[in-house]
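Colleague: I would like to learn how to read a few local features in a model. Could we go through them one at a time?

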Amino acid sequence: MKLTNVLFIIFFILMVGCAQTEEKSWESSLIIDAVILEVKDGRMLVAEDVTSSEYAEISNKTIQELDKERISLIYLSYDKLADVKAGDEVKIWIDGGLDHSYPAQGHAKKVELKEE
């Protein structure tokens, strides 16, 4: 009987510990607001701090033109690219930070469409 109780307590501690770790990892993520400019080749190009109304003005510009306008661009890989499209205004949780290239590059662990 004592062995059963000990095993139950260990199992409970493991379950609670794992749940809290997942919650903390979401909290420590880099979170950005952006508009998706394009989705292709297994990644998406997003413009940070751009609204969907500004999307029409910048959607046909080159990366070099956007760089001159100081618009922050990021290429992100994402496992569920089928769920997003160009023009979507989104909130993105970035996993593992970004490299310092231009456009920056990283991996999105979660993408949430913003309500319009």
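**Reading the model**

Modeller: This is a predicted model. Take N60 to begin: N60 sits in the loop between α2 (52–58) and α3 (63–68).

Colleague: Is N60 buried or exposed, and why?

Modeller: The label follows from the relative accessible area, with exposed meaning over 50%. N60 has a relative accessible area of 74%, so N60 is exposed.

Colleague: How far apart are N60 and L37, in sequence and in space?

Modeller: N60 and L37 are separated by 23 residues in sequence, while their C-alpha atoms are 9.0 Å apart.

Colleague: Where is D88 placed?

Modeller: D88 is in the loop between β3 (73–77) and β4 (89–95).

Colleague: Why does D88 count as buried?

Modeller: Buried means under 20% relative accessible area. D88 counts as buried because its relative accessibility is 9%.

Colleague: Which residues does D88 touch, leaving aside its neighbours within four places in sequence?

Modeller: With those neighbours left aside, D88 is in contact with A34, V35, I36, D83 and L113. There is also a polar contact of 2.9 Å between the side chains of D88 and K85.

Colleague: What do the strands form, and in which order do they run?

Modeller: Five strands make a closed barrel, in the order β1-β2-β3-β5-β4, and the pairing is mixed. On average, neighbouring strands of this sheet are turned by 55° against each other, direction ignored.

Colleague: How many bridges pair β1 with β2, and in which sense?

Modeller: Strand β1 (residues 30–40) pairs with strand β2 (residues 43–48) over six bridges, in the antiparallel sense. Within this pair, V35 of the D88 contact list stands opposite A47 in β2.

Colleague: What should I look for in the backbone angles?

Modeller: Look for exceptions: most residues other than glycine have a negative phi, and most peptide bonds are trans.

Colleague: Which residues are joined by a cis peptide bond?

Modeller: Y102 and P103 are joined by one, with omega about -5°. P103 lies in the loop between β4 and β5 (104–113).

Colleague: What is phi for D41 and for R70?

Modeller: D41 is not a glycine, yet its phi is positive, about 55°. R70 is also a residue other than glycine, and its phi is positive, near 60°.

Colleague: Where are D41 and R70 found?

Modeller: D41 is in the loop between β1 and β2, and R70 is in the loop between α3 and β3.

Colleague: Why does D41 count as exposed, and what is the relative accessible area of R70?

Modeller: D41 counts as exposed because its relative accessibility is 70%. R70 has a relative accessible area of 75% and is therefore exposed.

Terms used
Residues are numbered from 1 along each chain as its sequence is written. This is a predicted model: local features need pLDDT of at least 70, side-chain atom pairs count only at pLDDT 80 or more; totals for chains, interfaces and linings use all residues. Side-chain values use heavy atoms; hydrogens and water are left out. Helices (H or I, at least four residues) and strands (E, at least two) are DSSP runs, numbered from the N terminus. Buried means under 20% relative accessible area, exposed over 50%, partly exposed in between (1.4 Å probe, protein chains only). A polar contact is a pair of N or O atoms within 3.5 Å; within protein, one must be able to donate a hydrogen and the other to accept it, and residues adjacent in sequence count only if both atoms are side-chain atoms. Contact means heavy atoms within 4.5 Å. Two strands pair if DSSP finds at least two bridges between them. Axes are lines fitted to C-alpha atoms, for helices over the stretch in contact, and angles run from 0 to 180 degrees between N-to-C directions.
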